[in-house]
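Take a look at the sequence and the model first.

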Amino acid sequence: MTDNDNADTDVSGGTERTPAETSRDFEVDLDDVVLDESDDEGASQGLFDDLLSGEPIFENKEVLRPSYTPHELPHRKEQINKMATILVAALRGETPSNILIYGKTGTGKTASAKFVSNELESTSKKYEVPCSVEYINCEVTDTQYRVLAQLANKFIDENEAYIEDRVDELEELLDRIDDDGDETQPLADTEFDSRGDVAERIDELEADAEEFEDVPMTGWPTDRVYSVFFDAVDYEERVVVIMLDEIDKLVEKSGDDTLYNLSRMNSELENSRVSIMGISNDLKFTDFLDPRVKSSLGEEEIVFPPYDANQLRDILQHRSDVAFEPGALTEDVIPLCAAFAAQEHGDARRALDLLRTAGELAERSQSEVVDEEHVRQAQDKIELDRVVEVVRTLPTQSKLVLFAIILLEKNGVHNINTGEVFNIYKRLCEEIDADVLTQRRVTDLISELDMLGIVNAVVVSKGRYGRTKEISLSVPIEETEAVLLSDSRLGDIEEVQPFVQARFNN
Ligand SMILES: Nc1ncnc2c1ncn2[C@@H]1O[C@H](COP(=O)(O)OP(=O)(O)OP(=O)(O)O)[C@@H](O)[C@H]1O
């Protein structure tokens with residue numbers, strides 16, 4: 001799950017005031033207040049008063065955060081109904097088919113699946129049908145050991161709770177027998193024939209509870225973890241739906257053993273049944289699965305298409321009614337956020353981020369309303385945050401290649417070709433004692449930077465001189481350079497600049 005949750009940490013992008021400017025304003029205000037010695041000792045010095053004085057923009061900002069689970073999911077009725085039609089089997093005590101859910105990021109897969117599982121669990125309580133849904137985010141829990149350990153411990157907890165309730169019930173039954181002085185009446189309609197049977201059952205349950213042992217998060221052989229998990233699931237009769245969100249990450253990190261083991265469990269379970277619901281935004285991940293796992297997992301497939309601009313508008317409208325004060329948004333704000341997010345790939349998370357960031361920018365500039373300009377600034381800021389994050393996490397060699405391109409651009413070179421990049425790159429490597437890769441490898445790294453949207457590399461034909469790549473930077477030069485130089489290995493490169501400069505001056 002990608003999110004721009006850090007979007008609210010720094011709003012210095014665009015035409016916003018920089019933090020330095022903002023703190024300068026504060027200094028002036030503070031000086032004024034400090035000079036006034038007639039102030040009460042305990043009174044504040046007005047640091048926050050200015051910020052609080054504007055009209056509030058948000059009524060409940062949390063509603064726009066990714067962690068919020070909406071009660072209503074417009075435009076996902078069809079997918080939600082399909083999931084429910086499959087999972088209703090669990091409420092009839094049957095095993096639901098396994099489900100695979102696909103769709104690009106931000107298309108509401110997790111939100112819809114969680115909505116359906118909440119409904120399933122509450123309905124199962126209402127009709128007293130034993131059914132539980134376990135959610136696992138495989139981006140975090142990404143090995144077979146961890147998945148099985150997390151599931152084992154959840155079911156051990158559930159079993160302990162079940163035993164506790166059951167023992168309480170049986171003890172009440174014993175009390176009733178003792179009060180009546182006769183067991184016939186209290187034991188009618190129960191599975192027990194005598195007071196002794198009840199007492200024996202209590203002992204058995206307590207002995208079971210004693211035996212449960214939580215699985216540590218590392219250290220056991222995996223087959224031991226599997227067997228504890230298996231016994232914990234099979235302890236009582238129930239249908240279990242295991243939701244594996246970002247299932248592709250699990251397969252990528254640790255192969256398909258977990259899925260193989262989970263999908264063949266039903267043939268061995270005696271009391272319970274397991275059904276798997278996998279969620280993925282990688283449509284191709286099943287290509288890497290064992291054919292048996294693939295066919296078992298994909299019994300039912302549900303696709304979540306991207307939202308179009310109109311659908312995003314509805315989604316934003318629903319949320320903004322709760323999130324913002326009445327009248328805080330000018331009328332073009334929601335359509336513009338929806339249009340920007342639809343251009344990306346119909347991502348509702350992006351649309352909500354944009355709306356929230358626009359609101360925050362308006363709030364910080366003490367504007368009374370959020371307008372179109374705030375949305376445009378928010379778009380720039382989110383894009384810049386993305387670039388900063390991508391550049392920051394590049395491997396050192398790619399950073400050096402990118403830095404070479406930046407140096408060329410800064411020195412006014414247009415239509416940069418691979419040879420020029422390679423020459424500067426080589427000097428940079430020597431300067432910081434890094435290994436020098438071959439020109440061919442550097443060409444590959446340039447293509448990777450192109451795919452990440454950091455540079456634009458077009459192949460141009462030079463007639464009989466063959467073909468070459470013309471490279472240009474697609475991200476803001478100053479900010480990108482600053483991120484590169486914040487890497488401790490590249491920090492020293494600043495001193496190389498006069499040298500590079502000299503090369504161009506020749
Ligand atoms: N139809 C909708 N109505 C309201 N909110 C929605 C809708 N679809 C998505 N959202 C919101 O958009 C955000 C992203 O949704 P969600 O996490 O479900 O996407 P996803 O498809 O699981 O994405 P990823 O693959 O990146 O995990 C969440 O905040 C969610 O509440």
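## The core

The largest nonpolar core counts 52 residues, and the ones with the most contacts inside it are Ile-101, Leu-148, Ala-152, Val-225, Phe-229, Ile-242 and Leu-244. A nonpolar core here is a set of buried Ala, Val, Leu, Ile, Met, Phe, Trp, Tyr and Cys residues joined through C-beta atoms within 7 Å. Helix α5 (residues 144-180) gives this core its largest share, 8 residues. Ala-152 touches Val-215, Val-225, Val-228, Phe-229 and Ala-232, leaving aside its neighbours within four places in sequence; contact is called when two C-beta atoms, placed from the backbone, lie within 7 Å.

A word on the model: it is predicted, so local features need pLDDT of at least 70 and side-chain atom pairs count only at pLDDT 80 or more, while totals for chains, interfaces and linings use all residues. Residues are numbered from 1 along each chain as its sequence is written.

## Domains and ligand

The domain assignment, automatic or from a database, gives domain 1 (5-58 + 308-390), domain 2 (77-304) and domain 3 (394-505). Where domains 1 and 2 meet, the contact takes 6 residues from domain 1 and 5 residues from domain 2.

So where does the ligand sit? Domain 1 and domain 2 both give residues to the shell around the ligand, so it lies between them. Of the 21 residues around the ligand, Thr-105, Gly-108, Lys-109, Thr-110 and Ala-111 come nearest; being near takes a C-beta atom, placed from the backbone, within 6 Å. Helices α4 (109-126) and α14 (348-364) each give two or more residues to that shell.

Most residues other than glycine have a negative phi.

Buried means 20 or more other C-beta atoms within 10 Å of a residue's own, exposed means 12 or fewer, and partly exposed is in between.

## Helix α19

Helices (H or I, at least four residues) and strands (E, at least two) are DSSP runs, numbered from the N terminus. In helix α19 (residues 477-485), Thr-480, Glu-481 and Val-483 are the buried residues. Seen down the helix axis, they fall within an arc of 160°, so they line one face of α19; the arc is that of the directions from the axis to the C-beta atoms. Exposed Glu-478 and Ala-482 sit on the face turned away from that buried side.
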